[in-house]
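Please look over the sequence and the structure shown below before reading on. The report that follows takes up strands, a helix, aromatic rings and a few backbone details in turn.

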Amino acid sequence: MYLFIYISNLICYAINLMFNLIPDLKKVKDMSKRFYFVLVLGAALACKASASKPIHVQGSNDLQPTAQQAVVCETVATFISKYNYKKVELNDSLSTVIFNRYLKSLDENHNYLLASDIADFDKYKTVLDDDIKAGNLNDVFYMFNVFQKRYQERIKYSLSQLNNNFDFTKDESFTYNREKLPYAASEADLNTDWTKRVKYDMLNLMIASNDLAKNKETLKKRYDTLLTQTNQLEANDVFQIFMDAVTEAVDPHTNYFTPHNAANFKMEMTRQLEGIGATLQSKNEYTTIQTLVPGGPADKSHQVNVGDKIIGVAQGKDGEFQDIIGWRIDNAIKLIRGTKGTLVRLKLIPQGKTAGDKPVIVDIVREKIVLQDQLAKEEIRTYNKNGKTLKIGIINVPAFYSDNDNTGHSTTRDVKLLIDTLKAKGVNGIVMDLREDGGGSLAEAISLSGLFIKTGPVVQVRDTRDQIEMDNDDDPSVAYSGPMAILVDRFSASASEIFSGAMQDYGRALIIGTQTYGKGSVQTQIDLDKIISSSITDKISSAIGGQKKPVNTGSESTYGQLNLTIAKFYRITGNSTQHRGVIPDIKFPSVIPLDKYGEDTEPSAMPFDMIAKSTYTKVGDFTTALPELTKLHEQRMNADASYKYLLQDIADYKKSENEKTVTLNEDKLKKQREADEAKTFERDNLRRVALGLPALKKGDPKPKHEDLDFLKFEAGQILVDYINLDNKITKINPLKIMN
């Protein structure tokens, strides 16, 4: 119920990670050199500019921007206005868009702010462009602090309502979706709404257990936790939210990342990090070991275990311990991660021990940790067709990742090894599963394509000067030349669309699934530490005077990272995937709402366009086979119970999306919940039976690691249909196999 802004920000960050297409490192360095002198001059002028005074807000934590953030803001403004592919001017019109995006990110559901707050903020609507160019973040932080004050007021009000005598027999309802409703005119109006909100929270607990005293204590802990979370927010959180509003007003895929988020982005792109090899969680104000990476430094120490609480962290043999009890998890992680080969010391309370017991000190040398569970993987599905048994290999590609130094894991190297494994096991065809693969490295999209074709163009890239570069596969060897399909969905984006589009254009693979995301732009990663001059850093350090400098473990940068849109890519046919994506040869219904997710839902997205076609030779043609393959697929789906249940799930989701209120009558809500649970339980069992699995009894735990993904199975079945078609209606040219 409480979509707190920090969590919302993390979700936005995760989505931003999905849809970045990154060119090779050399291009990034060359571009950085071109920008360096302009930005140093601009940033130097920023330091001389007079800043407006901060606006204090009593009742909030009164967070204020830093000098460092002011410099970053100006630097990013220079990039997006002068070097972004769209070359959008920072003016009053764009300021209004930024203002609306920022306000929406703070209180999208109109739960906290008053109409009078919005009227107060209105004076900034056409001023933010000037603020951004001047590095003035005071207005932005004022808006946030007012929001935080209102947020804390609402949670404190919720706590005050816990001793109410709730009447769950009344026939009333709670409106939980207020996005289309006006902001509350008064605090009394908000109180009315929040009284119902607390009643709804309590009703949910009462349906599960009628222990009123226990339920009140549960809600008290929940609300206290929300207050703790808001009190842990920092200036960088506010800055990230605002910079998201700024960059995404220009285009959806130009993004600024604060130092912590930049480190996470790098980890996502490389599928590796440097640290101790443990995942951490915050639990009752303690940073707690959640899992250990097998063979990682923490695991090899034999002194760190799941459930241990980290209460202090020190750098090197002689470093002073910092007490991290009560810290935010990301701040604790920043101290624990660090450069490979460096020493970190942890002060631990072992699992099962109490705060009164003597802590244990463990020395750990950081190492490079490969995130094995986030790499490409393979499996084999067996099919029976016309008395023959066929094996289809399925390769799941979660992202187009690369370590940049050609020594570790990359999508192409990993997939090549998986192909070799599948060929050794005698598969008859391969399905590449790119669902929810939001992209990654442009170079990886090109090299992965090269595993399945001899040589030729893969993608065209047009830069800000309208110059077009052809990116080719120049390696004539082929890793796999057999029957192939690619499974995509709405969240297949960017590099996924380059690869699947190239395979479709060459006639090399059947494309199966739903229309892809439609991201046809290229971003370059700009490390702002390399852009903002050291002299400015020294000036900022001098300005903060006697403040204690944060410990630098090498795990994070100082200024963060800008992913800047610098080009647009096109298929070898000349069509862009921008806005339209890749249209499958055989379509599946989309479980992801196409009207809510996709490039064509983004107001700031670039339009579809075309350039000249490349010169290439198709290696296959599915045109004559598609009518028969589609007919066989539709015949199966019309008789398939799993398909029927999928359509029902989609219909139920659309219905629930239109609901905005919920009853506060206990009997009505209980009956509704019981009916929904019974329907879900029955449908899950019907789905299990349709897939050949035993039905579960009520109360039985769901078996782990069961694969109920019938669409993946159907993709393999379509490829089996293709393999069994008469050769007269197919056309595949032979390819040279890699030794």
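## A strand and its partners

How many of the 10 residues of strand 19 (residues 561–570) are buried? The answer is 10 of the 10, so strand 19 is largely enclosed by the rest of the structure; buried here means under 20% relative accessible area, exposed means over 50%, and partly exposed lies in between, with a 1.4 Å probe and protein chains only. This is a predicted model, in which local features need pLDDT of at least 70 and side-chain atom pairs count only at pLDDT 80 or more, while totals for chains, interfaces and linings use all residues. Residues are numbered from 1 along each chain as its sequence is written, and side-chain values use heavy atoms, with hydrogens and water left out.

Strand 19 pairs in the antiparallel sense with strand 2 (residues 255–257) over three bridges, and N255 stands opposite N563 there. Four bridges join strand 19 to strand 14 (residues 456–463), again antiparallel, with V461 opposite F569, and seven bridges join strand 19 to the antiparallel strand 18 (residues 521–527), where T524 faces L564. Two strands are said to pair if DSSP finds at least two bridges between them; strands (E, at least two residues) and helices (H or I, at least four) are DSSP runs numbered from the N terminus.

Six strands form an open sheet of mixed pairing, in the order 11-12-13-16-17-20. Its edges are strand 11 (377–385) and strand 20, each of which pairs on one side only.

Within this order, strand 13 (residues 429–433) and strand 16 (residues 484–488) run parallel and are joined by four bridges. The bridge partner of I430 is M484 in strand 16.

## Helix 18 and its cover

Helix 18 (residues 626–639) has 14 residues and reaches 20 Å from its first C-alpha to its last, close to the 20 Å expected at 1.5 Å a residue, where the expected span is 1.5 Å times one less than the number of residues. Its buried residues are L626, L629, L632, H633 and M637. Seen down the axis of helix 18, these buried residues fall within an arc of 135°, so they line one face of the helix; the arc is that of the directions from the helix axis to the C-beta atoms. An α-helix has 3.6 residues a turn, so residues three or four places apart point the same way.

On the other side of helix 18, P627, N638 and A639 are exposed. The cover over its buried residues includes strand 17 (510–513), strand 20 (586–587), helix 19 (641–657) and helix 21 (710–724), with contact taken as heavy atoms within 4.5 Å.

## Aromatic rings and charges

A search of the whole structure finds 19 aromatic pairs; rings of Phe, Tyr and Trp (its six-membered ring) pair if their centres lie within 6.5 Å, and planes under 30 degrees apart count as stacked, over 60 as edge-to-face and the rest as tilted. The rings of Y124 and Y142 have centres 6.2 Å apart and planes at 70°, so this pair is edge-to-face. The pair links distant parts of the chain, 18 residues apart, with Y124 in the loop between helix 5 (115–121) and helix 6 (128–134) and Y142 in helix 7 (residues 138–160). Both Y124 and Y142 are buried.

F166 and F168 form a stacked pair, 5.9 Å centre to centre with 20° between the planes; F166 counts as buried at 18% relative accessibility, and F168 is buried at 9%. Ring pairs also link Y112, F144, F147, Y151 and W194 into a cluster. The charged end of R197 sits over the ring of W194, 4.3 Å from its centre, and that of R154 sits over the ring of Y157, 5.2 Å from its centre; this requires NZ of Lys or CZ of Arg within 6 Å of the ring centre and within 35 degrees of the ring normal.

## Positive phi angles

Most residues other than glycine have a negative phi, and most peptide bonds are trans. K87, although not a glycine, has a positive phi of about 50°; K87 lies in the loop between helix 3 (67–82) and helix 4 (92–107) and counts as partly exposed at 45% relative accessibility.

S494 is not a glycine either, yet has a positive phi of about 60°. S494 is found in the loop between strand 16 and helix 16 (495–505), and is buried, with a relative accessible area of 0%.
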